[in-house]
Each structure stands twice: as structure tokens, then as C-alpha cells.
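Reader: I am new to this structure. Please take one part and look at it closely, then show me what lies around it.

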Number of protein chains: 2
Amino acid sequence: MARTGGPAREGAATALGRLDLAVDRGSPVPLYHQLAQQLEAAIERGRLAPGDLLGNEVDLSVRLGLSRPTVRQAIQSLVDKGLLVRRRGVGTQVVHSKVRRPLKLSSLYDDLEAAGQAPTTEVVRNEPVPASPEVAAALGVAEHSEVILLERLRRTHGQPVALLCNYLPPGLLELDDARLATTGLYRMMRAAGLTLHSARQTVGARSATAAEAARLDEQEGAALLTMQRTAYDDTGRPVEYGTHLYRASRYAFDFQLLVRG
Amino acid sequence: MARTGGPAREGAATALGRLDLAVDRGSPVPLYHQLAQQLEAAIERGRLAPGDLLGNEVDLSVRLGLSRPTVRQAIQSLVDKGLLVRRRGVGTQVVHSKVRRPLKLSSLYDDLEAAGQAPTTEVVRNEPVPASPEVAAALGVAEHSEVILLERLRRTHGQPVALLCNYLPPGLLELDDARLATTGLYRMMRAAGLTLHSARQTVGARSATAAEAARLDEQEGAALLTMQRTAYDDTGRPVEYGTHLYRASRYAFDFQLLVRG
DNA sequence: AAGTGGTCTAGACCACTTT
DNA sequence: AAGTGGTCTAGACCACTTG
């Protein structure tokens, strides 16, 4: 009796009713991931507007023919991305702001290329050197043991953007100058099967020395942005230590942070 | 028959065997969280060393009297934190490096206090002002509408560290000068029931103007670290827009990044 | 009181890695 | 072939929020 009233509200009360969601059980893509992608696409296209309620998880699981844990896993992944908010006793909502891309381990080359800046790289040095105490500590190798020093000058539109100095454990990667000139270090690492997993970065500022100013086409004493970074692979082993100098007039770091739950 | 050989290996082959794990079902703390905390503590104290295998999830769930999904949820939370690595067909290992704290939405006050720097704050301005186009866009309010301007000078050991300029939507928070002098803005927000959830930051550098140099006890033209940040609450509404200036000689940003899976 | 998300269980089958 | 994590199910009960 009470049930007969149900279908009338179904699909009308919640924003999700307007969407045609469906999963493909023959696909190798996990069901929860398929659902997450469809929800994300709907948010991206504005079919789910900020503040919209998703409708409860049980109904959604019945409608899709999935179990509730599977639906929850999909929703959780979007909550982790900052696209959805859950409130107990209330429901799941699309967040109000256009907060999108969370922080990623960024590659300067990729960032510039994505911005349509057509970066070029000049390899200044590429040779084995003995590890200084600082480098040895960062890479977890013995002092004075051999590491690879890579020094590069990056330009866009012919103008210098950054002076990049990197140290790598020996034997990790084939560092071909020709390839370095046309791609980024992180891209070469990924291509070599290395999975970058985490990094520790320190960002600061200081005035340019005469030599640095000459390289970067700045005035001596100009404000430069500095970054030191140690990157680790998925087992936590250091794969790279770098000291970078950026022209503050041409570059700034852009971060999207999510508070961890 | 084959079972009799089991107990001999149990607790010996895996590093987990050395730990006395147990959950309290009477506690209001979720079981998966209790387990995650105990594992994290074991890693922190070195009882689980980098590279150690945790042993398979089924054994662990039997030993703790939990279901496998619950054990998985605990392990997953530590994987998300970057403390553990899973490999299909291999097992779950403690990460090799000492990678710890992931990135958080940091508060300068809390950071300085945690570093034992005993920060103090001088409130320079605290008054309603009409929103500039830049501020209006960041906070999602109408141009020229009223917002709160908060300008503070932060010192440690009597020396200036940063000049903080913040804009807040009206009516969001009671900004008492006396409290501002003894705590941080984010702490006041949390105390007022605001849940900070995400932020967008831009970090750059530039040379100090004469006025800024005077405030910060630097030379004119000294390199300063700049940050602009818009912070959002858990529904995605902007709650704060700030423009900060840091003395590069006394402050740098430290980030721990995890590549999102 | 009703509805929501939060947590938990006891299984099942699959994909991948190693032996 | 054996062992591991990856995915998925069909329930259950609890805690919180709202009317």
C-alpha cells in the first residue's frame, strides 16, 4: 500500500534521477570505478549542480543493481577527491565550489606544456660526481659515493624560466642528453618503469647571485623562488634530489590542498 | 594434518607476529581505526621496520577476530597515508623511507608553535572594507560589498616573520583583537565550528617595497616569499582569502606530497 | 519517528606474482 | 600450483540529523 506511492517520488526528488547511470559488468574496469567516473562526469558537465543531493545509497545501489558497499566505495573516492560531501542524517551533496584538481606531484615540464608554454631544455651538465653530505643524506647513499648530476636550463618562448639541478642514484636511469632536451625528467622516469609515489619539498626565496642572474636573464639581486625536493618511488626509496631556481617574474607554485580526513 | 604445521610458522614468518594487537569492541572508536592506530604506532616505534611484510589479510583478520573488509579498511588507511605499500601476489610492506606527515592545510601559527617558536601577533588593521574585484572574486561576493579586512604582523622571538593580510565574508566570525593576538585565525575558525576542507594556494617571490621592508625589518629589495590562499569549508564555500608576505630569511614552506592513486 | 550515512560481517570469485 | 591482494555481495545494526 505505502509502496505504491514510492515510484512517483523515485527519480524526481533527487538530482540523480535525471541521470542515466549504468555499469557494464563485462568491462575490466571495476564497478565502483565506473560509477565514480560517471558521477564525476555528471558533476563536470553540470548535470549535477553544486548543492544537489545524490539520493540515499541504498536506493542508488538497488537502481544500479550493485551492493551498497560498492556504491559507497564509488562515492567515497569522490569524497576523497573533494567533489562530494557526506553528512550523516542528511545525505551526500555536490560541493559548492569549483574545487577540482587536488595536489599532485608536479613536473615543471608537464605543467608548462599543459599551459601551452612549449618548454625547451638545455642540458648544462650531465655527469657522475661524488655525493656531497647534503646529497648523500637525501638519496640515502654513502658520502663521496658516485651520483649523477644533471643541470638543466628550462625556457619557454626562448626566455629562461628555471635553473634545475638534480641528483640521481647511479644506474637508475639512462640519461640521454637528446631525450632530456625534448622531455621532462619525471616523464623519463615513468617511461623507465619507475613509479613516483611521494616527495618532500621545501619552497623558499632568495636573491639571485651574479652568475644565477646571468643564466636566468635577471638582474643581480632579483627575487628568485627556490625549491628543494626529494622524490621517492612506491617502496619509499629516494630516486631523485633536486635544487631548483625559478624566476619569480615568470613562475609561481599553484597548489590545491585537501584536508585529510 | 597439514594444519599441524601451521602454528609453527604462525607469528614467526611475519613481522606482525611480534606485535600484540588487539581491538576493544566496547570502545566507541571504530575497529578499523583502532587497528590502523596500532599498526601506525608499531611503525612509528620501529617495531615494524621498513620492508617488513605484514602477513596476509585473511590470517590477520582471523587472529584479531575481525572480518577481512575491516582489516582491509585499516590497512588501506595506512596505504593512503603512505606508510604501507600493497603488491598483489606479494603482500603488504612497510614503506622504506621515513616518509610521514602528508600535506595538510597548514596554519602559520600552528606551524611556528609546533616548532617551539612562540609566535606573537600584532593586529594592524581589523575593519570592514569594500571588496576589491580580486577579493570579491575569491570570496564569491559582490564587488564593493562589505568584507572584513584583517592585517597582522607575526613575530617569533620578537623578530618579524610574516605580514598577513586576510579577507573574510561578513558575519562569519567574531574577530576579537585580544584573541587574535594570542592565537591563529584558523584556530579561531575551528573553535567557531567552521570545518576547513580545502584551499587553493599560490606561492611566489618578489622584492620587498620600502614599506614592506620597514615592517619586516628587511632591506628594501630583499627577496620575500609570497602566498595567496583561498580556503573553503566542507561544503565548498569560500571562508577566507589571504595575501601573505614572508621573510625568506626566516621562513620556507615545507610540503609532503603523496601521489594520488 | 523516519531517513541518512557509518560500521561491520562472512563469505565468494578473480587477477596477479612467485615458486 | 599456491599465495597474495582486488573486487563484490547481501545482509545487519548503530549514530546522527531532521521533522
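Author: One definition comes first: contact means heavy atoms within 4.5 Å. The model is predicted. The part to look at is helix α4 of chain A, residues 68-81.

Start with its length. α4(A) has 14 residues. From first C-alpha to last, the helix reaches 20 Å, close to the 20 Å expected at 1.5 Å a residue. After the helix comes G82(A), with a positive phi near 90°.

Now the covered side chains. T70(A), V71(A) and A74(A) are buried, and so are I75(A), L78(A) and V79(A). What do the buried residues of α4(A) pack against? Two helices of chain A take part, α2 (31-44) and α3 (57-64). Two strands of chain A do as well: β1 (84-87) and β2 (91-94).

Next, the DNA. α4, β1 and β2 of chain A each supply at least two residues of the surface near DNA strand C. Chain B joins in, with α2 (31-44) and α4 (68-81) each supplying at least two. The most comes from α4(B), which gives three residues. Around DNA strand C there are 25 residues. Those that come nearest are R25(B), L31(B), Y32(B), S67(B) and T70(B).

Which side of the DNA faces the protein? Of the atoms of DNA strand C within 4 Å of the protein, 70% belong to sugar or phosphate, and the rest to bases. A polar backbone atom of E57(A) is 3.0 Å from a phosphate oxygen of DNA strand C. G89(A) reaches a base: one of its polar backbone atoms is 3.3 Å from a base oxygen of DNA strand C.

Chain A superposes on chain B by a rotation of 180°, with 0.0 Å of shift along the axis and an RMSD of 0.2 Å. The two copies are therefore related as by a two-fold rotation axis. In chain A, the C-alpha nearest that axis belongs to A223(A), 2.3 Å away. The same surface serves both copies, as 100% of the contact residues of chain A recur in chain B.

Technical notes
Residues are numbered from 1 along each chain as its sequence is written. Chains are lettered from A and ligands numbered from 1 in the order in which they are written. This is a predicted model: local features need pLDDT of at least 70, side-chain atom pairs count only at pLDDT 80 or more; totals for chains, interfaces and linings use all residues. Side-chain values use heavy atoms; hydrogens and water are left out. Helices (H or I, at least four residues) and strands (E, at least two) are DSSP runs, numbered from the N terminus. The expected span of a helix is 1.5 Å times one less than its number of residues. Buried means under 20% relative accessible area, exposed over 50%, partly exposed in between (1.4 Å probe, protein chains only). Copies are superposed by least squares on the C-alpha atoms of residues with pLDDT of at least 70 in both. A residue is near a molecule or strand if one of its heavy atoms lies within 4 Å of it. A polar contact is a pair of N or O atoms within 3.5 Å; within protein, one must be able to donate a hydrogen and the other to accept it, and residues adjacent in sequence count only if both atoms are side-chain atoms.
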